[in-house]
Amino acid sequence: MKQILKTEILVVGGGGSGLATAVRAAQLGADVLLVEKNSELGGTSARAVGSVSASLTGFQRRKGIHDSLEEHFEDLGTLAGENVHRDNLALRRVYVENTGETLHWLKSLGVAFFGPMPEPPNRHPRMHNVLPNAGAYIHRLHRAAVKLGVRIVTGIRVEHLVREGDRVVGADCVGSDGGTLTVRASRGVVLAAGDFSSSVELKTEHMGVDVARVEGINPNSTGDGLRLGMEVGGTLLNADLALWGPEMRFVAPPRKMLVQMLPPVRALTACMQLALRFMPDRLLRPFIMAFATSYLAPSQDLYREGAVLVNADGDRFTDELATPWLDLPLQPDGVGYIILDSRVAGMFRKWPRFVSTAPGVAYAFIDDYRRNRKDIFHEARTVDELAAKIGVPADRLARSVPTGTAPFIALGPVKSWIVMTDGGLATDESLRVLDADGEPVPGLYAAGSNGQGGLILNGHGNHLGWAFVSGRLAAQTAVSLQQHVSTPQR
């Protein structure tokens with residue numbers, strides 16, 4: 001027998017935007033049910049670097065930074081680059097006007113930050129970095145949701161939205177055990193189920209076959225919320241765009257690093273804030289390098305200075321300065337190695353040439369990889385010896401590597417990834433989903449990637465910032481629109 005649950009607001013997705021929606025709606029007095037298809041909460045937000053770009057914050061004021069909403073608005077346009085003409089200026093304004101308030105809302109829930117850090121071309125430091133890691137967002141939001149009485153059900157996938165007339169009034173769901181569930185939501189449904197970077201179907205349709213071969217960094221980002229929205233008349237904007245992808249990144253460390261495992265307890269984050277503020281660079285840098293060598297992409301400058309990219313057979317297979325990230329998925333196991341001789345490696349030991357960077361935080365050089373990523377740093381006196389270390393045929397690697405000077409270094413494996421797609425459902429400034437005629441779909445709202453609505457979010461800290469800003473606003477809209485279809489019962 002099909003189970004039926006009743007609530008006021010149904011939130012689809014348990015990542016940063018979904019949890020922000022649920023917490024804010026509950027704070028405003030609504031009865032909230034959140035469903036998440038996976039067994040754990042977090043989504044892509046839990047995998048993020050963890051920075052939020054915000055202006056007019058207390059952190060800025062304490063550092064004597066004189067920012068303005070207009071400068072922030074203009075700088076986002078600069079970051080949008082060649083796609084600025086496709087930006088949703090109304091949503092950009094909504095974002096800018098709410099970043100500071102949203103950051104301090106997160107802080108009120110116990111999330112700790114340090115910064116802000118600079119990130120050109122932003123005119124002022126705006127990048128606020130979470131402590132001790134991005135898991136703090138999920139931990140604090142989840143804790144707040146439970147305290148506020150939000151019902152959270154994991155292992156539940158929404159199959160279709162339910163409508164009465166034109167209005168969305170709930171959803172039909174399927175559990176991991178195959179059981180079915182119908183949720184009735186008297187105030188409406190908020191879609192917050194993430195992007196489509198791991199949907200081969202949507203990537204093929206909107207980005208082409210070559211990009212569709214590139215894996216999403218979060219395998220659970222299959223565009224479920226976007227599909228649900230489109231089934232009831234929503235439209236998808238900027239679906240051909242992706243920030244940070246396709247691009248090549250080093251494979252993750254074999255074990256979680258210490259910084260990933262630190263719990264977000266107040267005493268620890270307070271100590272980290274003090275350390276980041278007062279600790280000498282020589283003591284602080286090893287901690288920062290654990291991050292900067294683990295999550296970020298190798299610089300294209302490596303190839304410009306003479307490094308080559310080979311596949312798992314030791315063959316050089318692409319023009320490294322063209323689109324190697326599209327060619328790599330076609331290679332054996334989809335992995336490659338960046339090969340450098342001592343001359344090239346020597347050029348990446350200090351500024352201005354770096355192997356990878358966490359903008360505004362640190363630059364990682366070749367010696368940082370030697371110390372911090374022994375799992376992907378391979379060094380040998382000869383090419384034959386290097387081939388043995390990375391498990392490729394020596395004769396084929398020798399043909400691929402230009403004559404160089406010892407020692408030789410291989411960085412890898414590297415893989416091609418799409419970190420996040422930018423396609424989102426069209427929404428108005430209140431995060432109501434719009435149909436093809438620009439009219440709101442009654443009872444349907446969207447947040448995070450699902451509600452990106454044509455907004456261009458280039459630059460660090462903006463996707464995560466939008467997740468929390470849009471989640472709060474979607475909740476406020478859903479609660480404020482007094483359009484009940486039934487009285488919820490627990």
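Me: Which residue stands opposite serine 53 in E5?
Reply: Serine 53 stands opposite methionine 127 in E5, where strands are DSSP runs of E with at least two residues and helices are runs of H or I with at least four, both numbered from the N terminus. This is a predicted model, in which local features need pLDDT of at least 70 and side-chain atom pairs count only at pLDDT 80 or more, while totals for chains, interfaces and linings use all residues. Residues are numbered from 1 along each chain as its sequence is written, and side-chain values use heavy atoms, with hydrogens and water left out.

Me: How many bridges are there between E3 and E5?
Reply: Strand E3 and strand E5 (residues 127–131) are paired by 3 bridges in the antiparallel sense, and two strands count as paired if DSSP finds at least two bridges between them.

Me: And what is the strand order in that sheet?
Reply: The open sheet has 3 strands in the order E3-E5-E4, with antiparallel pairing. Its edge strands are E3 (51–53) and E4 (112–117), each of which pairs on one side only. From one strand to the next the twist averages 30 degrees.

Me: New topic: is strand E23 mostly covered or mostly open?
Reply: Strand E23 (residues 440–446) is mostly covered, since 5 of its 7 residues are buried, and buried means under 20% relative accessible area, with exposed over 50% and partly exposed in between, using a 1.4 Å probe and protein chains only.

Me: Which way does E9 run against E23?
Reply: Strand E9 (residues 180–191) runs parallel to E23, and 3 bridges join the two. Within E23, leucine 444 is the residue that valine 189 stands opposite.

Me: What about E22 and E23?
Reply: Strand E22 (residues 432–434) pairs with E23 in the antiparallel sense over 2 bridges, and arginine 432 stands opposite tyrosine 445 in E23. E22 and E23 form a hairpin with 5 residues between them, and glycine 438 in the turn has a positive phi of about 80 degrees.

Me: Now the rings: how many aromatic pairs turn up in the whole structure?
Reply: The search of the whole structure finds 8 aromatic pairs, where rings of Phe, Tyr and Trp (its six-membered ring) pair if their centres lie within 6.5 Å, and planes under 30 degrees apart count as stacked, over 60 as edge-to-face and the rest as tilted. In one of them, tyrosine 95 and tryptophan 466 have ring centres 6.1 Å apart and planes at 75 degrees, so the pair is edge-to-face.

Me: Which rings are linked into a cluster?
Reply: Ring pairs link Phe59, Phe113, Tyr137 and Phe468 into a cluster. The charged end of arginine 62 sits over the ring of phenylalanine 59, 4.9 Å from its centre, and a charge sits over a ring if NZ of Lys or CZ of Arg is within 6 Å of the ring centre and within 35 degrees of the ring normal.

Me: Last one: what covers E13 on its two faces, buried or exposed residues?
Reply: Both faces of strand E13 (residues 247–250) are covered, with Glu247 and Arg249 on one side and Met248 and Phe250 on the other all buried.

Methods: Axes are lines fitted to C-alpha atoms, for helices over the stretch in contact, and angles run from 0 to 180 degrees between N-to-C directions.
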